[in-house]
Amino acid sequence: MCRLAAITSDKYFSPMENILALETMKEGHDGSGLGLTLKDLGGDFEGLKKYPIMSGISSNDGRKTLDAYMKRNGFKLKREWKPRIKPVKSITQRENYFARVYDYPDSFKGKSPREKEDLLMNTRLALRKIGEPDGSIFIFSFYPDVITLKEVGDPLQLAEFFGLDKDGIRAKVVLAQGRQNTNYAIYLYACHPFFIQGFCTMTNGENTAFVPIREFLTGRGFPGYMGYNSDSEVFTHILHYTSRQLGFPLHYYKDVITPLKAADIEQREDRQALRLMKQSLRPLCIDGPNVVIGFTPDGTCFMVHDSKKLRPGVVAGVKGKYALMSEECGADKAVPARDKSKDIFPMKYDMVIVSPHAKEVTVWNQLQG
Amino acid sequence: MEPASRLDYNHKLSLREFPYIVRWRDDRCKRCGRCTAVCPVKAIESTVKVQRLVHSEGPAPTPSAARKVIQVVEQVTDMERYCTGCGSCTLVCPNEAIEPEFNFQHKFYHYKNKGGEPFKRGGRRNDPSVSTLDKLKFTRISMLTDPALDAGRHEFRVRTLLGRILPPEELPLKTVGGKLTVDKESRGFIPPVREIYPIMIGSMSVGALSPPMWEGLAMGVAYLNEVEGLPVVMCSGEGGMPPRLLRSKYLKYFIIQIASGYFGWDEIIHALPHMVEDPAAIEIKYGQGAKPGDGGLLMAQKVLKLIASIRGVPQFIDLASPPTHQTKYSIEEAVAKMIQSMSMAWGFRVPVYPKISGTKTARAVLNNLARNPYAAALSIDGEDGGTGAAYNVSMDKMGHPIASNIRDCYLDLVRQGKQNELPLIAAGGVGKKGNLAANAAALIMLGASAVSIGKYIMQAAADCFGDEYNRCNLCNTGRCPRGITTQDPKLYRRLDSDRVAERVVETFKAADVELRKIFAPMGRSTELPIGMSDGLGIEDKAMADRLEISYVC
């Protein structure tokens with residue numbers, strides 16, 4: 001079972017905080033991967049918030065292909081960040097790790113944000129298609145103000161490898177996952193967190209309803225619903241689908257993945273809508289055991305469980321800094337100075353929502369709506 | 001030397017040609033005559049024979065022969081009175097003196113065509129081999145990395161949806177104050193959808209079934225809904241419904257079928273203004289798995305007063321439902337119109353769906369229905385489905401197995417992203433070997449939203465003798481020895497409708513437990529695992545490839 005460590009804050013902080021939190025949960029991950037997604041970036045990226053950042057890994061040949069592709073499509077490279085790699089024995093180094101800041105092609109400068117998002121996603125998918133067969137290019141995210149790092153190995157060693165302890169890279173929201181590989185192959189694209197158009201989630205546990213959900217999502221005709229090297233990727237896509245594509249407020253994510261039974265729906269004010277939603281989104285129901293932690297484009301973070309709460313999870317912190325962790329020891333590491341009696345252990349009907357900049361935490365209860 | 005005339009038996013068949021040979025034991029028989037009286041086909045008769053007995057008394061052998069006349073029970077060698085193996089004789093025999101035995105060497109089909117009339121019967125396909133459904137295993141067991149659920153403790157929702165479901169993109173919803181609400185101004189059609197139990201009782205008509213059988217099923221279904229909280233629905237079959245039921249609150253548990261003969265629909269239409277509940281759905285029957293391309297036939301001897309009044313026909317006439325539905329000519333127009341008309345009759349509050357027999361062309365039908373926003377589902381009846389009367393050739397040789405048919409259709413819907421919009425109902429051989437829940441779960445994981453049973457419930461609830469060795473299968477004759485498919489009061493009074501209802505309830509409750517026992521270890525409980533094909537495996541590579549599931553060995 002993977003371990004999850006998310007921190008959201010009103011101040012920029014180093015992703016090392018997440019890594020150290022993950023380290024306290026070491027029994028739960030086996031070094032089969034680390035994924036880090038940073039949102040609302042500080043440091044060198046603070047002044048580049050409106051420009052999309054492409055995060056990924058490439059070989060030297062892949063880099064040339066990528067450069068040519070981006071140039072051909074009118075993207076202008078503004079800046080490139082590379083981690084200061086410190087070779088670590090147990091980690092196989094690949095040729096290029098990068099986060100590249102681009103400016104949009106001229107033809108897209110006046111376009112709507114949705115059109116821009118689609119351009120970025122389609123570019124990411126096109127590069128994935130080109131680079132995946134020979135492993136020359138891996139692109140994890142291509143979106144403004146978001147960086148993703150992924151590699152196979154132990155989180156702490158990877159942090160050293162990427163030089164995160166020395167680098168000045170900072171963010172206000174960081175999601176980190178230490179992977180425990182189970183049924184699916186150890187593969188970079190199988191590593192959480194998963195990201196699509198501003199929505200990002202990471203999960204632990206297995207998704208027993210994976211196949212019907214995958215088939216439903218791929219049937220939506222949306223090009224981004226692909227990949228699925230991990231059964232957890234569907235959690236991100238369900239969030240994207242319900243929030244962006246269908247326009248549902250965030251807490252309906254809970255109603256989609258763990259729908260209430262008919263009698264409980266009747267108690268809700270929005271019962272008419274819920275009844276229809278439950279029918280139409282029936283294949284997206286998960287059966288757990290899972291805890292899902294994620295963020296949305298506005299920087300809201302959340303934690304939600306399967307309908308039986310078969311996985312632990314805690315949201316803890318103080319105003320201005322909250323940790324969303326799969327184990328409490330992670331929260332102790334991330335935010336030690338807090339009133340522990342106020343820690344939130346969401347139960348099966350709860351969805352914990354932390355507003356942008358960690359201003360406030362609300363527990364939305366599904367039964368009460 | 002015997003005279004030639006006494007050796008020439010060429011005009012007679014030997015018992016070896018018969019499908020069942022009656023084993024009768026002289027030493028046990030007390031000549032009560034119950035067996036010969038109960039035999040529905042008069043395959044055995046009481047007769048006398050001359051017996052030569054050698055007798056000896058005293059210390060030294062002094063044999064003397066005596067001839068005496070004895071009474072025996074003998075099987076006749078007339079193909080028109082062949083023993084069907086039903087075993088009624090064994091049931092009534094007080095001394096276990098008689099029993100039919102299946103004869104693997106029989107040449108029954110060679111002879112059963114007297115007068116140029118092919119063999120007709122009831123039942124299902126005479127194929128006792130293990131069906132594909134029974135070969136499917138549930139191989140994805142949640143272990144340690146994803147703890148299995150507890151079938152006894154966790155909350156399970158074994159329910160499915162019947163009715164056209166809107167794609168999420170078309171839901172008339174809007175956000176007001178952070179909450180979703182139905183947009184009343186959108187005026188889009190929201191199709192009716194029922195939440196039902198995923199195993200339903202398929203179409204068997206009043207008329208094909210005896211009054212206590214149909215009544216027993218109906219009572220069982222009502223009890224399951226009202227008392228047990230299991231929303232099981234049952235299809236009327238073609239032949240209408242008892243008028244009192246049409247006007248009762250229990251109508252909501254019934255799917256009313258309309259087929260090519262329109263039998264019973266005069267009564268149904270007249271009852272419409274008096275209905276206090278809508279039916280669960282309307283099924284338009286275009287085909288039946290047991291006899292694809294064949295119509296229905298209720299023999300004249302079964303058309304008694306009650307049946308005649310429900311169906312709106314004179315008594316004692318053959319009631320043939322034509323093989324071809326008059327609305328079958330064009331799916332784009334006539335079938336669509338039929339669906340529309342039926343929907344309109346109930347103010348678009350009732351799901352209306354067609355039922356077809358399993359066929360290679362099912363996908364063509366499906367794709368057409370997928371484009372029709374009023375089509376509520378598609379029911380596909382596979383070759384192992386049962387019937388009350390059909391030609392043997394239709395039952396044994398015509399049709400398509402349900403497993404690959406339903407899988408193809410489901411995957412077709414997946415390719416269009418419509419797998420949740422048009423529910424597929426699978427039927428035909430569900431529970432053939434008694435594994436009702438396992439067969440149902442397998443079909444659901446292949447892509448069915450629900451399954452339909454017929455023969456199984458007759459066997460489980462009313463002890464139907466029929467099996468895949470052509471046992472009994474007399475449904476077409478009206479002489480059902482169990483009283484299930486007869487209108488003869490002398491026969492149907494053998495059947496207790498309360499007992500049938502009790503067995504229906506027991507059967508569904510047991511199936512419900514078994515379904516949980518299947519779904520729980522697979523980690524599913526909240527929604528039916530429709531299309532969860534990664535949970536299935538089969539020890540046959542070709543079948544695994546065909547069904548796009550894993551091959552296990």
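The model is predicted, with local features requiring pLDDT of at least 70 and side-chain atom pairs pLDDT 80 or more, whereas totals for chains, interfaces and linings use all residues. Residues are numbered from 1 along each chain as its sequence is written, and side-chain values use heavy atoms, without hydrogens and water.

In the interface, 43 residues of chain A are in contact with 49 residues of chain B (heavy atoms within 4.5 Å). The buried area is about 3900 Å², and carbon and sulfur atoms give 54% of it; this area is the accessible area (1.4 Å probe) lost by the two parts on being put together, summed over both.

Four salt bridges are counted between the chains, each a side-chain nitrogen of Lys or Arg within 4 Å of a carboxyl oxygen of Asp or Glu. A:E269 forms a salt bridge with B:K179, with the closest N and O atoms 3.3 Å apart. The largest share, seven residues, comes from α9(A).

Helix α5(A) is mostly covered, with seven of its nine residues buried (under 20% relative accessible area, 1.4 Å probe, protein chains only). Among the buried residues are A:F210, A:I213 and A:E215. The cover over the buried residues of α5(A) includes α6 (233–245) and α9 of chain A, together with α13 (402–416) of chain B.

Terms used:
Chains are lettered from A and ligands numbered from 1 in the order in which they are written. Helices (H or I, at least four residues) and strands (E, at least two) are DSSP runs, numbered from the N terminus. Buried means under 20% relative accessible area, exposed over 50%, partly exposed in between (1.4 Å probe, protein chains only).
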